[in-house]
Amino acid sequence: MKQNDIFFHGRGETLYADDLGGFAGLLHAAVLPSPVARGRLLRLDVSAALRLPGVAAVLTAADIPGENQIGGILPDEPLLADGELHFAGQPVALAVAATPRQARQALAAVRLEVEELPPLLDARQAAAQGSLIAPPRTFALGDVEASWPLCAHVVSGRVETGGQEHLYLETQAAVAVPGEKDTLRVISATQSPSGVQRIIARVLGVPMSQVAVEVYRLGGAFGGKEDQATAWAALAALAARALRRPVKLALERREDMRLTGKRHPYSSDFRLGLDAEGRILAYEVTFFQNAGAAADLSTAILERTLFHAGNSYRIPNVRATGYSCRTNLPPFTAFRGFGAPQAMFVLEAALFQAAEKMGLEPGELQRRNLLHEGDELPYGQKLANSRAARCFDQAVSAFDLEAARERVRAYNAANALSKKGLALLPVCFGISFTSTHLNQAGALVHVYTDGSVSVSTGAVEMGQGVNGKILLAAARTLGIASRRLRIESTCTRRVANTSPTAASTGADLNGRAAELACREIRSRLLQVAAARLGAPAGELEIRSDAVLRAGQKTGLGWEELVQAAYLARVSLSAQAHYATPGIHFDRASEKGEPFAYHVFGTALVEATIDGLRGVADVDSVRAVHDAGASLSPLVDRGQAEGGIVQGIGWVTLEELIYSGQGRLLTDTLSTYKVPDIRTAPATIEVRFLKDAPNPAALLGSKAVGEPPFMYGIGAYFALLAALRAFRPEKPLPFSAPLTNEKILAWLAE
Amino acid sequence: MAAGIAFLLNGRETRTSLPPGTALVDFLRDEQRLTGTRVGCREGDCGACTVLLGRLQDGRVRYRAVASCLFPLGDVAGGHVVTIEGLNNDGLTPVQQAFVSEGASQCGFCTPGLVVSLTGFLLEDAALEPDDAVSAVEGNICRCTGYAAIRRAIERLLREVRPAILAGAGPEARLAALAFLGVVPAFFTGIAERLGTLSAGAPPPAPKRESAGAVVVAGGTDLYVQRGPELAERELRLLSQRDGFAGIWPAPDRLFIGAAATVADLMESPLVAAAFPPLPGFLRLVSSTQVRNRATVGGNIVNASPIGDLSVILLALDASIGLRRGARSRELKLREFFLGYKKLNLKPGEVVAWLGVPVARQGVRLHFEKVARRRRQDIASVNAAIGL
């Protein structure tokens, strides 16, 4: 119990970056953001700020000893503004003082003169002006043009999906602590310790070996700390280096909301053609991704949009094109689903319209087009171990779709002012980083002479339960009780060159690496046991803290075995590296096998609209989800439920509103609404697909972090079905989020 | 007797000389290193900083969940502040155990706030109905779980502890049951006595002469959102514990509501329920438990904002308002008190003392509508009240 994070969570004893103490002489930093979305920095005078009590320094771009550049994929993002201002909230200066309050008071005393220029905020406008992060990309299969004449039904249109604030409850934070010989230890709330380490080394102009980055845990991240934790850690490091004192930088909520990037808004055009039986023949789609002012991870996110343009459907002729558009909003970034939700939303909107046109239930159209074993995906991979139809059919029967439809029909017939709707949402999501090189991980395992075990990997715990899964894999491999193991913090000094904990791959990659390291130690220990027991190592195993021979107890226990190995001068430590086998992708041809496997599932969503008040409720979400042979049903269920509610929030509730000048207006929890316990559906039921081990990942399991988010998209279409019940003829909105205001306006107009 | 603010913090008598306007959460985290109380938003909208504040009331300690980010340190004087650390025992309390058993915590940041809110519910709620337990955590935002596991934890918790808690009669038996179950540590049973000793030993200092520039703070639930950091450096005039502002009292033709009466006071008042039966139900639409426990009627009125739910309701009930400056007082219709958005018929130095709501002999019919993005815990997009 006590090795479990949740035990300490309940007692309030887990420590987040801002909770850590013990830094003698700690100073606090605060960031001066650009007040304009686009402009030129005319004058930056910090002299008055420096005279204020408690202020130690106010740092600007001129104080950066190395490169003023934090771009991860493309070098297009300065740490501190230098001349040009690209978005409202762009860091311009850093005040360092004895207290957070004094640091923020210092910011108010900085004299900043800017020339404001008209900002570019719209993705399509940016594309029209050629303001792109990278050249557009197209994924294609078959021949779309040749297919249109063969289609019995063609629908086309435009679809908008809004951005989404991560709203991790722990805001961005980092503490940088100078050590001897110009070393620096940085505690960062990041999903990407090695990324932070690399950028700090670049900014300070020092070798990476001089910078250690350590992560204890995150109070939520959801992608928002994959690339966007870096700036704050680098600023803290810059100040600690300059002042030779520990420096903490923790954003306040409003700062965090204004300064950091969010899920990308997309505007998309589609054309979908089907034959008379409702089978998709052709799909053409163009995505305009609003990337904001710098690349961040936008190109990788757009790539995943293209990978998932077809969602869970077999489409023989596809052309999907994506533009990553540079605008003057804070750089948009990773968020659970990583571009896939935006893609799936468009195709679901197209199918909904096609179903209306054909007079079919959307669910029927979805069913007829599900992927099957061996189908070729637009990126060239042939689908293996498809469970799309299995999940869909089980959802239909387990949740009694027919009864649900009848319930909705009866309700709508009986109620004039209130209507219900339902929707199905099948999901197929590829697992692996689509940048193939990131699919590697390391682990370092020490067995101490008392038999206790320390496991370090590159995985960052952020609530997704990765540490528990690694613990389980390590304990099973060593054959000992999990109470003997400890999962350590994530530190670049123990495990180097880590990939971000992202793309749902944390447990897959790091769990495998830990498993390999434990196997190595196990094999050495069994040699020791063999010598001691005079038995061939092949006949021995360790189970329940004891050495067994052909299943029988030998009297040799774990602790004694470890002691014996130590005295025999056998290493009790092992390092291991894991790289996902068999995956590759060629960006010239846009073909390959980028994914180790796919995750499948289908959700049934029911919703009600109060037509008088324009108030919507998502009543229930029920899903059949493919978790493989789940390592922890409790954790995986929690991931699915949490993802579902975030997805519902994205399409119904959460709305980013910017002024015409590109300033975020919804920058507090009172103006940007996330689901509370009453908004979340009272009924969420997740059933795991039975007897479905996954040959391609850790102990038969499957990644679980991202795919369930997309079940939430079903809420949008359940609400559309309810709206349709009010007004049979009126064109429906395809612009997420579908907020209560929009519903009321649609009903009233 | 040393100067400063004296109170019980968890199991310990505590005294601080920090400025009374310091936000309680900063005292807890920075001075006391009680980091289980977390800062998520500093506007009372996330619940991560929830603590319990116990006060002696009719010989027993009455606990309420409050947002410590919006709570002036000066107002804890003579009370019992309970943080998550003050609930911990050697293992897990039944509330914590329910969260562990159901996997109702992921990143863990919001978990202490939820545990504290639910413990407050178990301490005070009369019937312990599951839906009311859900209401008790409406102010606690969790971004990880989607709340499903939290609902399961609540159901499990009530299944396990409800019968034993409700078995005894009277507040003392209930507290004993809660201590026996481990919901609260055993020392809770001695808090009433210790608070009594505390207030006897250190009578609240007589209000010194306040300067004209002192900031009037009633509940502080909006003031701390707007001006939090500044308030630690200002002289405050704290009204919530001051005589003459609290309470709800009847008159022949109307009901008086003290300006420092909280929304929770209105919801729990038998007088309010008798005069305006639907009102307590409507008030559930106002903010969250943590804020309702602290937000005052007077504060909602002087905020002079059309989104103030109470203002709209009281206007529909044709309330009058009593204003006081020193020994002077005057009364006017609430509709004459509002001059416009954020504009009031309030003279310098004047404070709101009470609201008087007419009570018709044949009863008053009241309806309130609030449409917002969320059903609860939200600011009205539209609010309307009709009184007949």
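# Chains, domains and contacts

Colleague: How many helices and how many strands does the secondary structure of chain A come to?

Modeller: This is a predicted model, in which local features need pLDDT of at least 70 and side-chain atom pairs count only at pLDDT 80 or more, while totals for chains, interfaces and linings use all residues. Residues are numbered from 1 along each chain as its sequence is written, with chains lettered from A and ligands numbered from 1 in the order of writing. Taking DSSP runs numbered from the N terminus (helices H or I of at least four residues, strands E of at least two), the secondary structure of chain A comes to 19 helices and 30 strands.

Colleague: What distance separates the centres of domain 1 and domain 2 of chain A?

Modeller: The domain assignment (automatic or from a database) divides chain A into domain 1 (5-118 + 172-250), domain 2 (266-434 + 587-748) and domain 3 (440-579). Taken over C-alpha atoms, the centres of domain 1 and domain 2 of chain A are separated by 36 Å.

Colleague: How does the side of domain 1 of chain A that touches domain 2 of chain A divide by class?

Modeller: Contact here asks for C-beta atoms, placed from the backbone, within 7 Å, and it takes 18 residues from domain 1 and 20 residues from domain 2 of chain A. With Ala, Val, Leu, Ile, Met, Phe, Trp, Tyr, Cys and Pro as nonpolar, Asp, Glu, Lys and Arg as charged, and the others, including Gly, as polar, the side belonging to domain 1 of chain A has 6 nonpolar, 7 polar and 5 charged residues.

Colleague: Which strands stand at the edges of the open sheet of 4 strands in chain A, and why is one side of each left without a neighbour?

Modeller: The order in this sheet of chain A is β19-β18-β17-β24, with mixed pairing (a pair needs at least two DSSP bridges). One side of each edge strand has no neighbour in the sheet because each has a single partner strand, and the edge strands of chain A are β19 (485-487) and β24 (573-579).

Colleague: Which residue of β19(A) does A:Val455 stand opposite?

Modeller: Strand β18 of chain A, which covers residues 453-457, pairs with β19(A) in the parallel sense over 3 bridges. In β19(A), the residue opposite A:Val455 is A:Ile487.

Colleague: Which element gives the most to the side of chain A that touches chain B?

Modeller: The contact between the chains takes 50 residues from chain A and 49 residues from chain B. On the side of chain A, two or more residues come from each of α1 (5-10), α17 (633-652) and α19 (740-748). The residues of that side divide into 20 nonpolar, 16 polar and 14 charged. With 7 residues, the element that gives the most is α17(A).

Colleague: Which element gives the most to the side of domain 1 of chain B that touches domain 2 of chain B?

Modeller: Chain B is assigned domain 1 (5-201) and domain 2 (242-387), whose centres, over C-alpha atoms, are 28 Å apart. In the contact, 14 residues of domain 1 of chain B meet 10 residues of domain 2 of chain B. The elements of domain 1 that give two or more residues are β4 (60-67) and α5 (130-136) of chain B. With 4 residues, the one that gives the most is β4(B).

Notes. Contact = placed C-beta atoms within 7 Å.
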